[in-house]
Amino acid sequence: MRNTTIKGFLYAALSSSTFGLAPFFSISLLIAGFSSFEVLTYRWGIASLILAIAGIILGEQFRISRKDWQTVFILSLFRATTSFSLVIAYQNIASGVASTIHFMYPLAVAVTMMLFFKEKKSFSILFAVFISLIGATLLSTGEIDFEGGDTTTGLVAAAISIFSYGGYIIGVRKSRAVNIPSTALTCYVMGFGTLFYIIGGCLTDGIRLATDSHTWLNILGLAIPATAVSNISLVKAIKHVGPTLTSIFGALEPLTAIVIGCCVFKESFTWSSTIGIALIVTAVIIVITRENSMGKVRK
């Protein structure tokens, strides 16, 4: 196995596992009394600043045309909705379940591409959707409650994150964003998202200034490893081993969240949850490998 391949696998594993830490730091801040808007303002604000500094050091191009700004703004709405709905989900259902449901977004992308962008219909996609729905049903019938939360609200929020992130992915593929440098696109999307969260916070309970060290540890943990490091290593993984293998390693995201949820937040984990997660992960891998084979055929 070549060194570049090994590096790619390590970057992919690092990206997925660090992103899986997001529920831990998010829930820790929510328990400390921070609102969803405050958590996300700190997360995206600090992460976008770090990515901008890293991009400048590496000589990345940040200049985009006026027409591109409209595309970036629309994409940022999809991305901001994803993060906000996930935080709402974390407040109402087990974080591992919320992360697993969100992991179904490749299915939403594949189905949307077939229905609206005239991609060829596939039995494997339909089969994947079928078993993922069974998996989601098994998850929802298990013990998924979060203390003081509303299960229905949590499930709806997690479902919204599937389609909003799917919309973001499709937007990146099918709009002017495809020609925008990835670092610039990520920074601008995060920057707009931060602005949206600040506005939301000001219209509700405001944005407080964190002062104690423990809170800042959670904020930096959420912004640096779970966001900045995850995004940077994701780009490096794609360059080394391609998007397909990188996406398959994405299964570590919900698995990390599940382990942390069980060990730290004492979330219950049943056999129905295990089977449901396995079915969803299998469905996503079917879609990803099918997309890869279709890509090779097109070439």
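Leaving aside its neighbours within four places in sequence, with which residues is Phe 25 in contact? In this predicted model, Phe 25 is in contact with Leu 217, Asn 218, Gly 221 and Leu 222. Contact here means heavy atoms within 4.5 Å. Phe 25 lies in helix H2, residues 22-31. The residue is buried, with a relative accessible area of 13%. Buried stands for under 20% relative accessible area, exposed for over 50%, and partly exposed for the range in between (1.4 Å probe, protein chains only).

Residues are numbered from 1 along each chain as its sequence is written, and side-chain values use heavy atoms, with hydrogens and water left out. Because the model is predicted, local features need pLDDT of at least 70 and side-chain atom pairs count only at pLDDT 80 or more, while totals for chains, interfaces and linings use all residues.

The protein chain has twelve helices and zero strands. Along the sequence the pattern reads α-α-α-α-α-α-α-α-α-α-α-α. The radius of gyration is 19 Å, close to the 19 Å that the globule rule gives for 299 residues, so the chain is as compact as a globular protein of that length. The radius is taken over C-alpha atoms, and the globule rule is 2.2 Å times the number of residues to the power 0.38. Helices (H or I, at least four residues) and strands (E, at least two) are DSSP runs, numbered from the N terminus. The C-alpha trace spans about 55 × 50 × 40 Å along its principal axes.

Of the 299 residues, 51% count as buried. Among contacts with a separation of 6 or more, 87% come from residues 24 or more positions apart. The accessible surface comes to about 14700 Å², and 67% of it belongs to carbon and sulfur atoms. This area comes from the Shrake-Rupley method with a 1.4 Å probe. The chain has 21 positive and 13 negative side chains. The centres of the two sets lie 20 Å apart. Lys and Arg count as positive, Asp and Glu as negative; His and the chain ends are not counted. Each charge is placed at NZ of Lys, CZ of Arg, CG of Asp or CD of Glu.

The structure holds 13 aromatic pairs. Rings of Phe, Tyr and Trp (its six-membered ring) pair if their centres lie within 6.5 Å; planes under 30 degrees apart count as stacked, over 60 as edge-to-face and the rest as tilted. Phe 37 and Phe 84 form a stacked pair, 5.0 Å centre to centre with 20° between the planes. This pair links distant parts of the chain. Phe 37 is in helix H3 (residues 36-57) and Phe 84 in helix H4 (residues 66-92), 47 residues apart. Phe 84 counts as partly exposed, at 27% relative accessibility. The rings of Tyr 42 and Trp 216 have their centres 5.6 Å apart and their planes at 80°, so this pair is edge-to-face. Tyr 42 in helix H3 and Trp 216 in helix H10 (residues 213-248) are 174 residues apart. Tyr 42 is buried, with a relative accessible area of 12%, whereas Trp 216 is partly exposed at 27%. Ring pairs also link Phe 62, Trp 69, Phe 73, Tyr 188, Phe 192 and Phe 196 into a cluster.

Two of these cluster residues, Phe 192 and Phe 196, touch Ser 76, as do Val 189 and Gly 193, not counting residues up to four places away in sequence. Ser 76 is in helix H4 and is buried at 0% relative accessibility. Ala 184 is found in helix H9, residues 182-203. Its relative accessibility is 0%, and Ala 184 counts as buried. Beyond its neighbours within four places in sequence, Ala 184 is in contact with Gln 61 and Phe 62. Ala 184 and Arg 63 are 121 residues apart in sequence and 7.8 Å apart in space, C-alpha to C-alpha.

Leu 107 is found in helix H6, residues 105-116, and is buried at 5% relative accessibility. Leu 107 touches Ala 128, Val 129, Ser 132, Ala 283 and Val 287, not counting residues up to four places away in sequence. Thr 256 is in helix H11, residues 252-263. Thr 256 is buried, with a relative accessible area of 18%. Leaving aside neighbours within four places in sequence, Thr 256 is in contact with Ser 17, Gly 20 and Leu 21.
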